[in-house]
Amino acid sequence: MWFEILPSFGIITAVLSVPGFALYGLHKLTLDNAYRRNTDERWERIMYTRDMRLTGNPYKCNGLESISDK
């Protein structure tokens, strides 16, 4: 019958969803942030390095107060 495929569908779906949930925990452990910044394009990489240089944390929101007055 058609419902005999449901257990195997559930198993496959569960196994394929594990990496997505595992990356959440892995990023939380290694980066102290559960989300990874997208650095696919050049502009995003420039902004990442700028934020890292200004505040030391690329995940912190940066405003004018993060730029020194020297």
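## Charges and surface

The protein chain carries 9 positive and 8 negative side chains, and the centres of these two sets lie 9 Å apart. In this predicted model, the accessible surface of the protein chain comes to about 6,300 Å², and 65% of that area belongs to carbon and sulfur atoms. Buried residues make up 9% of the 70 residues in the protein chain.

## Overall form

The secondary structure of the protein chain comes to 2 helices and 0 strands. The radius of gyration is 20 Å, well over the 11 Å that the globule rule gives for 70 residues, so the protein chain is more spread out than a compact globule.

## The annotated segment

An unreviewed UniProt entry gives the annotation "transmembrane region" to residues 6–26. In the model, the chain over residues 6–26 is 100% helix and 0% strand, with the end C-alpha atoms of this stretch 30 Å apart.

## An aromatic pair

The count of aromatic pairs comes to 1. This pair is formed by W2 and F3, whose rings lie 5.9 Å apart from centre to centre, and with 85° between the planes the arrangement is edge-to-face, because planes over 60 degrees apart count as such.

The two partners can also be described by their accessibility. W2 has a relative accessibility of 66% and therefore counts as exposed, while F3, at 41% relative accessibility, counts as partly exposed.

Conventions:
Residues numbered from 1 in each chain as written. Predicted model: local features only at pLDDT ≥ 70, side-chain atom pairs only at ≥ 80, totals over all residues. Heavy atoms only, no water. UniProt positions renumbered as here; feature names shortened; annotations may be inferred. Helix = DSSP H or I, 4+ residues; strand = E, 2+ residues; numbered from the N terminus. Rg over C-alpha atoms; globule rule 2.2 N^0.38 Å. Buried < 20%, exposed > 50% of the residue type's maximum accessible area, 1.4 Å probe, protein only. Areas by Shrake-Rupley, 256 points an atom, 1.4 Å probe, with all protein chains shown as cover. Lys, Arg positive; Asp, Glu negative; His and termini not counted. Charge placed at Lys NZ, Arg CZ, Asp CG, Glu CD. Phe/Tyr/Trp six-rings, centres within 6.5 Å; stacked < 30°, edge-to-face > 60°.
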